Amino acid sequence: MTSTYQRLDRNRMAARVAHDIPEGAYVNLGIGLPTLVANHLPRDREILLQSENGILGMGPAPPAGQEDEDLINAGKQPVTLLRGGAYFHHADSFAMMRGGHLDICVLGAFQVSATGDLANWHTGAPDAIPAVGGAMDLAIGAKQVFVMMEHLTKSGEPKIVERCSYPLTGIGCVSRIYTDLAVIDVTRTGLQAVEWVDGLSFEELARLTGAPLSRAQARRAA
Amino acid sequence: MIDKTVASLAEAVADIHDGATVLIGGFGSAGQPGELIDALIEQGAKDLTIVNNNAGNADYGLAALLKARRVRKIVCSFPRQTDSYVFDALYRAGEIELELVPQGNLAERIRAAGAGIGAFYTPTGYGTLLAQGKETRRIGDRDYVLEYPIHADFALIKALRGDRWGNLVYRKAGRNFGPIMATAAKCTIAQVREIVALGELDPEVIVTPGIFVRRIVEVPAHAARAAAPSVPQA
């Protein structure tokens, strides 16, 4: 029997992550997929975005023609500053991360392990040029680390694994994983599926996950 | 009378020697002291060790310095970008050495150098490839890696305004590495859009006090090179 289920597209994944970001949170969104979360933050909550290059209170992209080369995000795209926002130098920016002042960071990933190890900076391929940026600081610094990624690789392999085969970014640092199929918490007793898309059975989700998975006590519909 | 202003970019970088370690401010194009880098290319110093967050964009600024084969080693956190083709080609050809450093460790190692810290324990990178071979220590319930400061011979930075004592204020997120790099070099050279009279910078908002700056050179905004894109590319 084949079940029919619809994967969340990138925007619905971003909206799902945004839903969990509370009023008053200081948040860093990693480059790539997590950047989309900014478009879905609930308008009735005051949430402050931090950018590693020295911005707190980062706003959306400016209208065409109003870009400023000194006002860019970590992905080097033009952004704006909200009223009340602040600029600061790099040592202060990374003190915000390493010092545990950020409530949440959202990062993309190649792999997450059963114990919350994160691999997201380097494939380890011999011809790859490695680049790490702020990923290692964010991974170990933020109070909560959310990972946002596809559940499976393009070739259909689970990205949630018993042990990461790619080089690590941080050890035991991931708190929650948001994929196009499910929301999974990393707990001291292992991975717990909090919710998964309609039409997908828990058993099928577990089969698509490369590490043991249990059901959280209260399952919510995705 | 203290006067740190110099009349030309060429004079500002004249004594940068072969083999020097040079901190270069900027995050991508933001805050990158492009005109000082152009002057350094013109000046001709080679076998440089360059410290920057990135490894150059397109063909201008830091990328142009790399393209001119003046850089033996680059210390950075994020060399690979969509427009880092100059670095990519040199790296693949084995013609440049790369020391990859997590961005916060890069910032803190620079800060430590400027603040007279001998070394420091950081949790960032523990258990990863980038901490291989480094001393570690468990403090409380956490594991840390010992990291050493990055001292430099020169720092090239960009600020918005400065005065003849070397006090600086920056512009928006162009500030990034400037203030910490200013502290970590034996000779810090700042390019500013405008040199103002002493007292014109509000002492409450001076970001880099002049003690950290050796030379300051004015590069008005209208003199910015046409080669640099007005909108940074991702």
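**Contacts between chains A and B, and the surroundings of α2(A)**

In this predicted model, 34 residues of chain A are in contact with 42 residues of chain B, two residues being in contact if their C-beta atoms, placed from the backbone, lie within 7 Å. On the side of chain A that touches chain B, α2 (90–98) and α3 (135–141) of chain A each supply at least two residues, and the largest share, five residues, comes from α2(A). Helices (H or I, at least four residues) and strands (E, at least two) are DSSP runs, numbered from the N terminus. By residue class, this side of chain A divides into 17 nonpolar, nine polar and eight charged residues, where Ala, Val, Leu, Ile, Met, Phe, Trp, Tyr, Cys and Pro count as nonpolar, Asp, Glu, Lys and Arg as charged, and the others, Gly among them, as polar.

The model is predicted, and local features need pLDDT of at least 70, side-chain atom pairs count only at pLDDT 80 or more, and totals for chains, interfaces and linings use all residues. Residues are numbered from 1 along each chain as its sequence is written, while chains are lettered from A and ligands numbered from 1 in the order in which they are written.

Seven of the nine residues of α2(A) are buried, so this helix is largely enclosed by the rest of the structure; a residue is buried if 20 or more other C-beta atoms lie within 10 Å of its own, with C-beta atoms placed from the backbone. The buried residues are His90(A), Ala91(A), Ser93(A), Phe94(A), Met96(A), Met97(A) and Arg98(A), and they pack against β2 (48–51) and α3 of chain A as well as against α5 (103–115), β5 (120–122) and α6 (178–184) of chain B. After α2(A) comes Gly100(A), whose phi is positive, near 80°.

Chain A also contains an open sheet of three strands in the order β7-β6-β9, with mixed pairing, two strands being paired if DSSP finds at least two bridges between them. Because β7 (118–119) and β9 (160–161) of chain A stand at the edges, each with a single partner strand, one side of each is left without a neighbour in the sheet. Strand β6 (residues 111–113) of chain A pairs with β7(A) in the antiparallel sense over two bridges, and Gln111(A) stands opposite Ala119(A) in β7(A).

Chain B has six helices and 11 strands, and 53% of its 234 residues count as buried. The C-alpha trace of chain B spans about 50 × 40 × 35 Å along its principal axes.

Conventions: A residue is buried if 20 or more other C-beta atoms lie within 10 Å of its own, exposed if 12 or fewer, and partly exposed in between; C-beta atoms are placed from the backbone.
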